[in-house]
Amino acid sequence: MADRNADLRLENLTKRFGDFVAVDDLSLTVPNGSFFALLGPSGCGKTTTLRMVAGLEDPTDGRVLIGEDDITHLRPYKRPVNTVFQSYALFPHLTIFENVAFGLRRRGVKDYQQKTRDMLELVELGGYGDRKPGQLSGGQQQRVALGRALINEPGVLLLDEPLGALDLKLRRQMQIELKRIQTEIEVTFVHVTHDQEEAMTMADTIAVMNNGVIEQMGAPADLYENPVTTFVANFLGQSNLVRADVIDTAGGDVVVDCHGQKLRLAASRSHAAGRSAWLGVRPEKVFVAASEAEDHTGVNVLTGGRVTDVSFVGVSTQYLVATPWGQELMVFEQNTGRRPAFRNGDEVDLMWAPEHTFLLDADQDAHAGLMTPEDIE
Amino acid sequence: MSAAPVPAGPQPGSETARRRGWGWLLLVPGMLWLAVFFLFPTVQLVFTSLYDPSGSYEQGYAMTWHVANYVDAVRDTWNLFARSFLYAGIATGVCLALGYPLAYAIAFKAGRWRNVMLVLVIAPFFTSFLLRTLSWRTILSDQGPVTSFLQTISVLPDDGRLLATPVAVIAGLIYNFMPFMTLPLYASLSKVDYRLIEAAGDLYSSPFTGFRKVTFPLSLPGVVSGTLLTFIPACGDYINAELLGTPKQYMVGNRIQAAFLTEHNYPLAASLSLILMALVVLMVVVYVRRAGTEELV
Amino acid sequence: MATDTRLPVAGRSRPRRSGRTRTPVGRWLADHLVLFIGILVLVYMFVPIGYIFALSFNQPSGRSATAEFESFTWSNWTSICEPEGLCDSLRLSVAVSLTATVLATVLGTLMAFALVRHSFRGRAASNLLIFLPMATPEVVMGSSLLAMFVSVGLDGALGFVTIVIAHVLFCLSFVVVTVKARLAGMDARLEQAAMDLYANEWQTFRLVTLPLAMPGIVAAALLAFSLSFDDFIVTNFTAGQSVTFPIFVYGSKLKDFPAQLFVVGSIMFLVSFVFVVAGELWRRRRSIGLG
Ligand SMILES: Nc1ncnc2c1ncn2[C@@H]1O[C@H](COP(=O)(O)OP(=O)(O)OP(=O)(O)O)[C@@H](O)[C@H]1O
Ligand SMILES: [Mg+2]
């Protein structure tokens with residue numbers, strides 16, 4: 001059996017269903033003991049990736065390694081990997097105790113009884129051992145699924161949207177619980193989720209997946225602050241993307257021309273290859289100021305805006321500002337109460353720091369990764 | 001801003017659930033059984049049906065591709081076919097009319113008596129059907145209670161009978177095949193979410209419209225398999241006609257049985273069998289198409 | 001999405017309906033009408049059973065017991081085997097049914113597994129071949145089998161073996177359909193979960209697949225047994241000189257009809273009733289919580 005204290009590596013992993021490429025030449029390394037989140041829209045290949053790691057699906061191409069051991073073609077029961085299925089897949093004919101003890105007994109572990117009891121305590125189901133899965137609530141079943149996998153002390157635990165079926169409150173509670181358990185036992189977690197907030201609060205590393213490929217991978221803050229594709233910029237949080245042309249890359253900074261106005265940013269934040277690009281900034285990073293009223297030194301400014309919509313949402317006010325070229329940009333402003341809110345029709349300038357600016361390749365769809373109305377509950 | 005829960009990727013029945021490989025070998029023993037003891041005899045039956053009818057069981061038959069056997073069979077027994085399908089059709093209809101309320105009551109109205117009622121549906125099924133049919137013979141006999149009662153209330157004339165009439169034969173068919181109707185109906189009704197029925201009550205003010213638009217369509221698979229499981233054996237049955245009727249009520253099954261077992265007229269029996277089988281399969285296919293259920297079994 | 005969880009509840013439909021004028025009695029009747037019809041149908045199903053029970057205590061004056069109830073006696077119940085050949089026929093029927101049930105259940109279950117769990121060319125043809133025997137009237141099946149047995153020179157050897165062959169044939173399709181339904185409703189992820197938890201293929205089958213498929217297999221076996229035990233038409237063609245219980249009953253109707261037949265009928269009912277009730281209790285105890 002492969003060494004359980006080693007990194008999980010996927011090399012050029014590919015899965016085709018007929019002509020359809022579900023996972024496309026995917027390579028990544030999950031450091032041992034880390035909490036890794038796989039985030040992406042429905043159908044992008046997350047489950048397929050996990051199933052290949054678990055051995056439930058044969059890769060068309062590529063390798064799965066734990067440390068130096070190639071486990072690509074190992075049968076599922078020979079891998080130091082366990083899965084928490086999205087629908088839990090608890091055995092309905094076995095008791096909770098038998099469910100949790102299942103893996104240990106298959107491996108012939110002697111004191112499985114004590115270990116199972118300990119695990120039931122850990123997931124706070126001490127008194128439920130004799131029940132059948134159908135007699136538990138959704139959240140309890142979820143904890144059984146978790147305990148059933150964790151008790152095997154796998155090197156890697158795969159969680160396929162384990163919180164998907166829970167209501168919001170229970171979900172938050174389980175998120176904290178999961179994180180606690182993960183830190184306590186130092187197992188590598190690969191966590192698939194739709195919920196970006198969940199991914200950002202829990203994971204050390206997030207990989208954003210789209211159409212079978214990883215668009216970007218990194219620490220949550222890096223991904224958020226410095227997205228490299230329009231898909232990531234839109235899928236994680238919200239972004240304003242405007243057309244710009246690179247006019248100067250001399251020195252450490254990149255200077256761009258945005259509809260006649262000059263803006264600048266650090267070269268490390270520019271991911272555009274050609275001359276033409278998308279310039280991006282997050283709505284909460286933008287400051288609205290009355291036209292010509294503020295000092296512009298050292299900041300990026302777009303002048304000539306006009307407020308077209310104001311919505312008050314309590315902690316903040318959200319503005320839509322029309323630019324001279326007719327695009328509407330979003331601005332979130334904290335309700336600090338330091339000055340009165342703007343009103344529809346007010347002439348304003350938009351300002352933000354160069355270090356909050358990012359530049360993306362122009363040959364991408366500016367709407368990639370945007371939530372369609374059905375996605376928003 | 002939580003995204004909606006979406007069922008996890010590959011579903012059961014996907015590539016992994018259904019493996020390619022040597023699994024089809026599991027099918028071989030059963031398929032061999034069907035091929036040797038069903039397909040082969042059926043093919044042989046086709047040949048038998050084309051033998052020269054002038055031969056006999058003792059002297060053997062000559063193969064003369066005598067298609068006229070079919071013509072003769074139809075000419076002599078078309079009324080038996082018509083009667084068989086008529087009786088079986090009526091019996092199936094009444095079984096549906098009686099079995100549906102029963103299945104519906106068990107599924108939705110019986111509460112904690114649900115399993116008890118289900119047991120009661122199955123239980124008579126385990127007592128020899130010949131014995132049950134014979135007791136119907138006694139019950140419906142001229143001196144029996146049902147006949148006397150019907151005569152007393154003048155539904156039947158004083159010299160009227162029940163036994164030896166089409167009514168008795170059809171009643172016997174209904175009785176014997178009722179569980180075949182009720183169980184599939186129950187199976188599909190019990191899968192219907194009762195909240196849907198309540199929702200229908202909310203959306204369509206009349207309960208009947210709700211039933212017609214929601215419950216019935218959802219139970220259609222049960223209706224299809226129930227009617228098939230009733231109609232098919234009823235078409236070929238000859239016991240009810242024999243025990244509860246007279247030769248005037250005989251069905252095609254009686255004729256086939258006699259041709260085979262008493263007359264030993266194999267070419268005739270074979271052509272009758274094949275016509276019956278072909279008609280039944282044809283009706284089943286048309287019916288299943290019309291009912292819109294593709295899954296036959 | 002998830003509309004099914006937001007359906008209007010029953011309570012809301014009430015006021016609208018009560019807008020119509022209906023007396024409380026009328027409404028109660030309407031609510032329970034279906035139940036009444038259902039119970040009436042059940043009563044109808046039990047009428048002959050009652051007759052069989054009653055006649056099993058009948059002391060017929062003549063030799064034949066099919067007529068009216070004459071006087072009460074226990075003697076039929078204590079002399080079941082008295083009529084010549086009755087118990088032999090029962091023994092043969094039990095032997096035939098058990099053999100046919102085991103064979104049909106094993107073969108049918110294997111077929112169901114193949115059809116649900118494996119993909120191969122010719123699935124549609126296989127399904128058709130499994131369906132056809134169910135669409136074949138029994139007389140046709142019996143007669144074609146007899147014709148075949150005769151043509152291969154088995155007409156002297158008709159008996160146990162040929163009856164079993166025939167019974168397996170008509171039970172097989174029912175077994176396949178019943179087990180298939182159970183397997184198709186089973187979540188393939190349960191087996192994957194077992195594999196993920198260190199169960200190899202055989203352990204997965206033994207610990208997860210088989211126990212989950214068991215209710216379907218047991219139901220199929222019971223169905224096969226009852227179809228086989230009760231069959232007259234096909235058996236009559238394939239039995240030769242052998243006498244199964246249904247053939248015995250059929251033969252008796254022509255001559256004297258021993259009252260002990262009603263005893264056997266009653267016992268069959270009682271035994272099956274006990275079986276079904278016990279099975280139901282067992283199922284209820286085990287399946288508590290089976291989602
Ligand atoms: N067995 C299969 N046969 C054919 N296509 C498949 C199969 N399994 C998955 N796919 C396809 O592969 C793609 C990726 O599926 P996958 O289940 O990995 O998505 P996912 O990212 O987990 O989505 P979700 O978030 O909705 O669970 C989908 O478009 C899906 O339709
Ligand atoms: Mg998925």
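Q: What's the phi of Tyr198(C), the residue that follows H8(C)?
A: Positive, near 70 degrees. The model is predicted: local features need pLDDT of at least 70, side-chain atom pairs count only at pLDDT 80 or more, and totals for chains, interfaces and linings use all residues. Residues are numbered from 1 along each chain as written, chains are lettered from A and ligands numbered from 1 in written order, and side-chain values use heavy atoms, without hydrogens and water.

Q: And what happens at the start of H8(C)?
A: A side-chain oxygen of Asp187(C) comes within 2.9 Å of the backbone nitrogen of Arg189(C).

Q: Is helix H8 of chain C buried or exposed?
A: Buried, 9 of the 9 residues (188-196), so it is largely enclosed by the rest of the structure. Buried means under 20% relative accessible area with a 1.4 Å probe, protein chains only. Helices are DSSP runs of H or I, at least four residues, and strands are E runs of at least two, numbered from the N terminus.

Q: What covers the buried residues of H8(C)?
A: The cover includes H1 (46-54), strand E6 (81-84), H2 (96-106) and H4 (138-150) of chain A, plus H4 (86-117) and H9 (201-230) of chain C.

Q: New topic. Which domains does chain C have?
A: The domain assignment, automatic or from a database, gives domain 1 (22-83 + 258-291) and domain 2 (88-255).

Q: How many salt bridges between domain 1 and domain 2 of chain C?
A: 0. The criterion is a Lys or Arg side-chain nitrogen within 4 Å of an Asp or Glu carboxyl oxygen.

Notes
Buried < 20%, exposed > 50% of the residue type's maximum accessible area, 1.4 Å probe, protein only. Contact = heavy atoms within 4.5 Å. Polar contact = N/O pair within 3.5 Å; in protein donor to acceptor, adjacent residues only side chain to side chain.
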